[in-house]
Amino acid sequence: MAEPVIRVENLTKIYRSRRRGDIVAVDNVSFNIYKNEVVGLLGPNGAGKTTIIKSICTILRPTSGEIWVDGADAIKNPRAALEKVTAVLEGNRNIYWRLTVKDNLEFFAGLQGQSLRSVQSHIDELIETFGLKEKIHEQARALSRGMQQKLAVACALVKRTPILLLDEPTLGLDVETSYELRWILKRMAERGERTILLSSHDMNVVQDICERVIIINHGKIVVDDRIENLQKLFSASAYRFEIAGHLSPSQEQKLTEQFDLIKINADGQHTVIEAELLDSQKVYEIIDVLKENGCRLESVGKQYPDLEEIFLRIVKGEKQ
Ligand SMILES: Nc1ncnc2c1ncn2[C@@H]1O[C@H](COP(=O)(O)OP(=O)(O)OP(=O)(O)O)[C@@H](O)[C@H]1O
Ligand SMILES: [Mg+2]
């Protein structure tokens, strides 16, 4: 297999604090990310996501472990590593508040040693894509929070480094802007132009954009797998029954009493029953109960849980 583009080995970060004692934020974490992969980093608050991202982009010095980015040693030679990596961190502090949108983009393009003329069309394209056209002469500090976030991502892209790190890129954005940014990232991911590691609390963002997910909890990796594999693993016991019409309250009660972990939702002309059936024999039992009650079964199938459900179950310690 090809050399990984990001290689993290036995990364540990301990924050030393006299008042609060030592905090092990990242605990012996190892993972590889290969060329043009788009990987999501998920985990509850305080899991260690930002610490991992900051370590890779050389802002933080790990307590121990190794980090390599595109062949450069990020700990021993951060300067070389910084030529390979761009990061957009929380609070988008990577942009200059007093520079205009255009000047910011030109500045970051110039940082890469590219002549302005050669990058002008890329800058124009980014201004267009990110909907910043009307704001090009505004100072970054005068933009709305969502616009600043988009500018921060655009400035990261204009640098054309092979690796892009995004810490919570859609945090605090309104629904529309979040969708827009997701769409931009998704297209970028599909074009396979960069290797991307992105952290997010928004499972939809990760499910939409990433092919693989690393879930961390208390500074340790609990899962590192392709999203489709996780869905298969967690779908093994989840079933979905669709029946015509609605259940009476007593039928509903009977089902909930007889079967654990059942969800019943009626909409329009149908009722959907989702059940967690660890014993597949139970599938037939549910069908029997439904028939006895005169329900017309329209479909039975495996249910593919969404990433949010998978995440909650992993973090709560199931399937481990
Ligand atoms: N500068 C610091 N000094 C001391 N402790 C810190 C520092 N930064 C982070 N921590 C602690 O390290 C742990 C991991 O924090 P980190 O910010 O990496 O988590 P996160 O997964 O990014 O969380 P969130 O989802 O809230 O952004 C937490 O317990 C946090 O309190
Ligand atoms: Mg964080």
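Helices and strands on this tour are DSSP runs, numbered from the N terminus: a helix is H or I over at least four residues, a strand is E over at least two. What you have open is a predicted model, where local features need pLDDT of at least 70, side-chain atom pairs count only at pLDDT 80 or more, and totals for chains, interfaces and linings use all residues. Residues are numbered from 1 along each chain as its sequence is written, while chains are lettered from A and ligands numbered from 1 in the order in which they are written.

**Stop 1: a helix.** Select α3, residues 101-111. Show V101, N104, L105, F108 and A109, which are buried (20 or more other C-beta atoms, placed from the backbone, lie within 10 Å of a residue's own). Now look down the axis of α3: the buried residues fall within an arc of 130°, so they line one face of the helix (the arc is that of the directions from the helix axis to the C-beta atoms).

**Stop 2: the domains.** Colour domain 1 (6-226) and domain 2 (236-315); such bounds come from an automatic or database domain assignment. Their centres, taken over C-alpha atoms, are 41 Å apart. Which elements give two or more residues to the side of domain 1 that touches domain 2? They are α7 (203-209), β9 (212-217) and β10 (220-226). The largest share, 3 residues, comes from α7.

Note on methods:
Buried ≥ 20, exposed ≤ 12 C-beta atoms within 10 Å, placed from the backbone.
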